[in-house]
Amino acid sequence: MDTKPQDMTQSISNESKVQFVTNRDSKPEKQMRTIAIIVAAGVGQRTGCVLPKQFMHFGDKMMVQWSIDYFKSDSRFDEVILVHSPNIASNIYNTLQENKGLHFVIGGDTRSESCCNGLEYANKLGADFVFIHDAARPGIDTQTIDRLFNALEAGSDGAVPAISLADALWLTNATTGNLSASIDRTKKVRVQTPQAFRLDLLVKAYSGRVLGSQIADDAEIAIDALMKIATVEGTYYLDKITYQSDFDRMKNLLCGPEVKQNRIGFGYDAHKFGSGDFVTLCGVKIPHDHGLIGHSDADVAWHALVDAILGALAEGDIGRAFPPTEAKWRGASSEIFLEFAAKRVAARGGKIANIDITIICEAPKISPNNAALVGSTARVCGIPEELVNIKATTTEQMGFTGRKEGIAAQALVNISF
Ligand code: MG
């Protein structure tokens, strides 16, 4: 295996980073102990989901698992504590228990009370530093962790990732919601987590402190206790997932755009000529010196299309959905069948990307009716006409269509999800 290019990339990126990065796997000389606390006790009502957001599936795993995996894979962290609600669902708890060595601590009614419980536990385990992190921020990156460690190593009592504000900042009128006064955004930052602290100082800052929901984060408690808290550059990857729109945006950012799935289906049908003076093709009655014989309206083109759609969905065929043994489908309009198939596509979360139908017969002539056939097919499928192609061919007087015994049709459908 050729690993050379990778190794080179590694050494280049390490060179450009601060010194601590190169020591990541060998630990700094002082053998500092560091504990990570992941706060996952919230109920996450603002996303509008039944499940607290930190336990929802995000990418290929539970959202909280992203943070657990990060801290457990970075050898600078000696212990990882998960603070959870006492009401955590047993199946979620059991899944999280599969993380070997992860410590579980029951949280309180507010974030600060939950942090306090985690901190008490961390203090018992003993460490120099503690990193407190929100489970709703799955995008922990090594660079931010490097910067936080650097700030602690440089002598700060604590450090937080912060992002300067790009948008204009305004006060609004409490009653009308109208803009009332602009705020100078310089020297104002958005603060994220993980927040890193000297454990002894943060424990002291917490002790005797009245806790409640009015406390924004651990940095507030630290600052109130006159700890020196540095800011380091944060990252959009660490933005908190609060609303459903954040969920989708962050999933796109951290997991990449979802891979689209496409399914293709093929259908074939044939019906015999009998007495009559028209044939029905794609729901359109076309005058002819014969009719088509069938249990329903014998719309050979739409039958092939329904088979193609059901085939793409792996849902059998038209005969399974509408058994010809059932009298109620006698003489039925095939529009019912196509409507059913189109609804199945929608129910499965798919969209018809395009349809291509080939009608095989010597007569009647299809091309003069082409626009009508495309129009009715697009209408019933609920898609634009430009996604539908209908063409006709003969078999040069060979075979049953060539002998004008009937009409055959083939249909291809492409469904995207
Ligand atoms: Mg048929």
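**Reading the model feature by feature**

A: In this predicted model, the side chains of Asp200 and Arg198 form a salt bridge, with 2.9 Å from N to O. Asp200 is partly exposed at 41% relative accessibility, and Arg198 is partly exposed as well, at 33%.

Q: How many salt bridges does the structure hold?
A: There are 17 salt bridges in the structure.

Q: Where in the chain do the partners Arg209 and Asp224 lie?
A: The side chains of Arg209 and Asp224 meet in a salt bridge of 2.6 Å, N to O. This pair links distant parts of the chain: Arg209 belongs to the loop between α7 (199–206) and α8 (218–224), while Asp224 is in helix α8, 15 residues apart. Arg209 is partly exposed, its relative accessible area being 26%, and Asp224 is also partly exposed, at 46%.

Q: Which elements does the salt bridge of Asp356 and Lys391 tie together?
A: The closest N and O atoms of Asp356 and Lys391 are 2.8 Å apart.

Q: Which residues are the protein donors of the magnesium ion?
A: A metal site is read from the donor atoms around the ion. Here the protein donors are Asp269 (OD), His271 (NE2) and His303 (ND1), which lie 2.1 to 2.3 Å from the magnesium ion. Their spacing in sequence is D-x1-H-x31-H. The two histidines link distant parts of the chain, with His271 in strand β13 (residues 262–274) and His303 in helix α10, 32 residues apart.

Q: Is His271 buried or exposed?
A: The cut-off to apply is that a residue counts as buried under 20% relative accessible area. His271 has 14% and is therefore buried; His303, with 7%, is buried as well.

Q: How is the length of helix α12 to be checked?
A: One compares an expected span with the distance between the helix ends. Helix α12 covers residues 334–347, which is 14 residues, and at 1.5 Å a residue it should span 20 Å. Its end C-alpha atoms are 20 Å apart, so the two values agree.

Q: Which residues of α12 are buried?
A: Ser334, Phe337, Leu338, Ala341, Ala342 and Val345 are the buried residues of α12. They cover an arc of only 130 degrees around the axis, and therefore lie on the same side of α12. The face turned away from this buried side carries the exposed residues Lys343, Ala346 and Ala347.

Q: What covers the buried residues of α12?
A: The covering elements include α10 (300–312), α11 (318–321), β17 (351–360), α13 (370–381) and β19 (406–416). After α12 comes Gly349, with a positive phi near 80 degrees.

Q: Into which domains is the protein chain divided?
A: The division is into domain 1 (24–255) and domain 2 (262–416). Taken over C-alpha atoms, the centres of domain 1 and domain 2 are separated by 58 Å.

Technical notes:
Residues numbered from 1 in each chain as written. Predicted model: local features only at pLDDT ≥ 70, side-chain atom pairs only at ≥ 80, totals over all residues. Heavy atoms only, no water. Domains from an automatic or database assignment. Helix = DSSP H or I, 4+ residues; strand = E, 2+ residues; numbered from the N terminus. Expected span 1.5 Å × (residues − 1). Buried < 20%, exposed > 50% of the residue type's maximum accessible area, 1.4 Å probe, protein only. Arc of directions from axis to C-beta. Contact = heavy atoms within 4.5 Å. Donors = N, O, S within 2.8 Å, 3.2 Å for Na, K, Ca; no water. Salt bridge = Lys/Arg side-chain N within 4 Å of Asp/Glu carboxyl O.
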